Amino acid sequence: MKRRYLGKDKFSVSALGLGCMGMSFAYGGAEETQSVNTIHAAVDMGITFLDTAEVYGPFENEILVGRAIRGIRDKIQIATKFGFHILPTGNGIERMAGVDSRPEHIREAVEGSLKRLRIDTIDLLYQHRVDPFVPVEDVVGTMSDLVREGKIRHLGLSEVSADTLRRASKVHHITAVQNEYSLWSREPEESILPTCRELGVGFVPYSPLGRGFLTGKIADQSGFADDDFRRHLPRFQQEVMQQNRQLLSRLQDITEKYKCTLAQLALAWVMSQRDDIVPIPGARKIEHLSDNVGAVELFISEDDIKIINAIFTPKNIHGLRYNQGDFDLIDK
């Protein structure tokens, strides 16, 4: 497995990470033994960068990752996130009740994550969503204190704007920004990716496979669990999916040329944008994980990159990536 470096502080991680959210949250989850086996298989394949968050479950995903990494902590880098107010009762997403990045809550969240993950230090801690009621300077100041205390090593921000990133970077170096980025979610190209490049901040795309759609294996909602949140997303409504599948069909000649899958092509495209981009596709099955790993060695020519860009230009994409309530949580 190749290595990549995030940020000016050269945080070394595997060139491809593993998003663990879907093992416990939002997509119907998976059986624990299967999930643990997938994480172990990922490490065996050289994937050392695992991504989780306190809200995934809530809390269940960190507990799962904590169990899976027992005895192999020295081989991996753990990224987790804080920033939501989580209700004491309820199920899954319904327990999310707005954002909360008050300094006292940050400390509480970090202590909880350390305990659930069974580790002494978090390698990379993100603010999950910007809190409009707490200045980012105060948030990063508290995170910086936690670095000095040895509880975290590197700082990150998720779904953040270029302006907020600039303000945060004046307080403490930000190692990575985690925003959604893929062939059909290219908004980061407008401002946040150039700003990351300017400030020496790494970039970690989540949902680089378009929540599974860019693998070409989703034609309708029939395979979704009842609590799969994609059922309610605009891009996963039947008519919209049919329109976007036409774009995928135009990639067939390229996949045949490179003898690769659609998933590998989509991941290789993301990784080709910059050498400090580290996508974190989710995978609950080892076969999907193995397929994703194949993207690391896939080199796409500049001419074919241009063809792909022309097919997936933003004006050709149908449907929004989120509902309005989700967009309300994203920094603008």
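**Rings, loops and helices**

Reply: Ring pairs join Trp184, Phe213, Phe224 and Phe236 into a cluster. The model is a predicted one, and the questions can now follow from there.

Me: Which arginine lies over the face of Trp184?

Reply: For a charge to sit over a ring, CZ of Arg has to be within 6 Å of the ring centre. Over the face of Phe236, at 5.9 Å from the ring centre, lies Arg230. Over the face of Trp184, at 4.9 Å from the ring centre, lies Arg235.

Me: How are the rings of Phe11 and Phe49 arranged, stacked or edge-to-face?

Reply: A pair of aromatic rings is described by the distance of the centres and the angle of the planes. By the rule for ring pairs there are nine aromatic pairs in the count. For Phe11 and Phe49 the centres are 6.2 Å apart and the planes stand at 85°; planes over 60 degrees apart count as edge-to-face, so the arrangement of this pair is edge-to-face.

Me: Which strands does that pair link?

Reply: Phe11 and Phe49 are both buried. They are 38 residues apart, and the pair therefore links distant parts of the chain, with Phe11 in strand S2 (residues 11-14) and Phe49 in strand S4 (residues 49-51).

Me: Is Tyr181, which pairs with Phe203, buried or exposed?

Reply: Tyr181 and Phe203 form an edge-to-face pair, 5.9 Å centre to centre with 80° between the planes. Tyr181 belongs to the loop between strand S10 (176-178) and helix H6 (192-199), while Phe203 is in strand S11 (residues 202-203), 22 residues apart. Phe203 has 0% relative accessibility and counts as buried. The relative accessible area of Tyr181 is 0%, and a residue under 20% is called buried, so Tyr181 is buried.

Me: What is the length of the polar contact between the side chains of Arg129 and Ser158?

Reply: Arg129 is found in the loop between strand S8 (122-127) and helix H4 (136-148), and because its relative accessibility is 9%, Arg129 counts as buried. Among the residues that Arg129 touches, leaving out those up to four places away in sequence, are Phe82, Tyr206 and Ser158. The polar contact that joins the side chains of Arg129 and Ser158 has a length of 3.4 Å.

Me: Which residue makes a polar contact of 2.5 Å with the side chain of Glu159?

Reply: Glu159 has its place in the loop between strand S9 (152-158) and helix H5 (162-169), and because its relative accessible area is 3%, Glu159 is buried. The C-alpha atoms of Arg129 and Glu159 are separated by 6.3 Å, although the two residues are 30 residues apart along the chain. The side chain that joins Glu159 in a polar contact of 2.5 Å is that of Tyr206.

Me: Which residue's side chain is joined to Ser24 by a polar contact?

Reply: Ser24 is found in the loop between strand S3 (18-19) and helix H1 (32-44), and because its relative accessibility is 18%, Ser24 counts as buried. A polar contact of 2.9 Å joins the side chain of Ser24 to that of Asn61.

Me: How is H2 placed relative to H3, oblique or parallel?

Reply: In helix H2 (residues 60-68), Glu62, Ile63, Val65 and Gly66 meet Ser113, Arg116 and Leu117 in H3. The axes of helix H2 and helix H3 (residues 103-117) are 7 Å apart, and the helices pack at an angle of about 40°. Because of that angle, H2 is placed relative to H3 as oblique.

Key. Residues are numbered from 1 along each chain as its sequence is written. This is a predicted model: local features need pLDDT of at least 70, side-chain atom pairs count only at pLDDT 80 or more; totals for chains, interfaces and linings use all residues. Side-chain values use heavy atoms; hydrogens and water are left out. Helices (H or I, at least four residues) and strands (E, at least two) are DSSP runs, numbered from the N terminus. Buried means under 20% relative accessible area, exposed over 50%, partly exposed in between (1.4 Å probe, protein chains only). Contact means heavy atoms within 4.5 Å. A polar contact is a pair of N or O atoms within 3.5 Å; within protein, one must be able to donate a hydrogen and the other to accept it, and residues adjacent in sequence count only if both atoms are side-chain atoms. Rings of Phe, Tyr and Trp (its six-membered ring) pair if their centres lie within 6.5 Å; planes under 30 degrees apart count as stacked, over 60 as edge-to-face and the rest as tilted. A charge sits over a ring if NZ of Lys or CZ of Arg is within 6 Å of the ring centre and within 35 degrees of the ring normal. Axes are lines fitted to C-alpha atoms, for helices over the stretch in contact, and angles run from 0 to 180 degrees between N-to-C directions. Angles under 35 degrees count as roughly parallel, over 145 as roughly antiparallel, 65 to 115 as roughly perpendicular and the rest as oblique.
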